[in-house]
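Student: I would like to go through the terms used for this structure and see what each one rests on. Could we take them one at a time?

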Amino acid sequence: MKILLVGSNFGYAIERYYVRYLKQLGAEINHFEAPDIVFNYHSRNIFNKILFKTKINTGYKPVNQKLIDIAYQYKPDVIWIFKGMEIYPETLMKLRNDFKLANYNPDHPFVITSSGSGNNNVSNSVGLYHLHFCYHTGLQKQIEEKFNLPTVFLPFAYDTSDMVYTDQNNITEIPRICFQGNPDKYRANKINMLTEAGMEVDAYGIGWGRTQLINNPRVRLFDIVPRPQFWKLNQEYRVQLNLFREYNNGSHNMRTFEIPAVGGIQLSPYSDEQTLFFDDNKEIFFFRSDPEMIAQAKKLLDMKTGEANNVRGAARKRSIESPYTFADRARTVYDTFKKML
């Protein structure tokens, strides 16, 4: 099976996991790094950045031509595009006559919250694919009903290749709430509510120093940490707070799986989807309102050490005994493409 995968190869881009595990399953992968080419273009100098932001020259045109050239030279069985902000609908219309096209959007094609979460290329191209992988069951239903296209449920996951786990007996617990992720107004407001209720929160990510929390005495703000430290923090804190982006509402996100994978105690917005993966009040804790978020957080902070360790053990056990890794998700993709072909 030959797959032309169109997506980022930067850092911990989700595409990298699929490239690794699809290759292990025997697929031949040609990874065209379209987002990275565009990023490098508009990051080269201030002039290019202005051209990109004003849309005078986005750098998309040469990327689209290169994709077409690669496709007809490589002749893949499937072209799998991640999100597709750089890809014109006209390019897909040309390619779909000769190749099977699949899409996976780890954000949402119709809920665009920032310049990096989507654009018209994404939303105007949904109907041009032959297949959509969706992490969100609500989005699946929307695409199936509106575009009469097949979809496959592809949840997020955690990766074992970079995971660092330390025996819980060797961890010194930090009796505070931790949030790992970048800020927005919603997230800052939730954290502020917790501190107004008397709790202390540590937030890790890019840009927290520019939020209203900078002067909050009950909040400590830190930069984003490397992955080994990320996993360690998931274990060390008594409470790991999971706060969704708008497009994750009613669904789940990466933290849904990453926190319990190392035995973290997760406090997350309620969604039916998350109950498919973890048991409420045993392996994960939910809130449906601000008062419930505060009450649940206090309960977890006050929980006896033995009970907390039982939660940690149950969460990790469910994670490692279930098909929740990116290797498992890659198997779903591989099997889907086999059927598709």
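Tutor: What follows covers a cavity, a helix and the nonpolar cores. This is a predicted model, in which local features need pLDDT of at least 70, side-chain atom pairs count only at pLDDT 80 or more, and totals for chains, interfaces and linings use all residues. Residues are numbered from 1 along each chain as its sequence is written, and side-chain values use heavy atoms, with hydrogens and water left out.

Student: What makes a space count as a cavity?

Tutor: On a 1 Å grid over the protein atoms alone, a cavity is a set of points where a 1.4 Å probe fits but cannot get out. The structure holds one cavity of 30 Å³ or more. The largest cavity has a volume of about 100 Å³, a volume being the space filled by probe spheres set on the points, which are joined across faces, edges and corners.

Student: Which residues are closest to the centre of the largest cavity?

Tutor: Asn103, Asn105, Pro109, Val126 and His132 are, out of 17 lining residues; a lining residue has an atom within 4 Å of a point. Strand S5 (131–134) is among the elements supplying at least two lining residues, and S5 gives the most, with three. Helices (H or I, at least four residues) and strands (E, at least two) are DSSP runs, numbered from the N terminus.

Student: Why is helix H10 called largely enclosed?

Tutor: Buried means under 20% relative accessible area, with a 1.4 Å probe and protein chains only. Six of the eight residues of H10 (residues 254–261) are buried, so the helix is largely enclosed by the rest of the structure. The buried residues are Thr256, Phe257, Glu258, Ile259, Pro260 and Ala261. Their cover includes helix H9 (227–236) and helix H14 (326–340).

Student: What follows H10?

Tutor: Gly263 does, with a positive phi near 80°.

Student: What makes a set of residues a nonpolar core?

Tutor: The members must be buried Ala, Val, Leu, Ile, Met, Phe, Trp, Tyr or Cys residues, joined through side-chain atoms within 4.5 Å. The largest such core has 44 residues, and Tyr18, Leu22, Trp80, Tyr104, Phe133 and Phe337 have the most contacts inside it. Its largest share, six residues, comes from H1. A second, separate core of 25 residues includes Val201, Ile265, Leu267 and Leu300.

Student: Which residues is Tyr18 in contact with, leaving aside its neighbours within four places in sequence?

Tutor: Contact means heavy atoms within 4.5 Å. On that basis the partners of Tyr18 include Trp80, Phe82, Leu154, Arg329 and Val333.

Methods: On a 1 Å grid over the protein atoms alone, a cavity is a set of points where a 1.4 Å probe fits but cannot get out, and a pocket is an open set with protein on both sides within 12 Å along at least five of seven lines; lining residues have an atom within 4 Å of a point. Buried means under 20% relative accessible area, exposed over 50%, partly exposed in between (1.4 Å probe, protein chains only).
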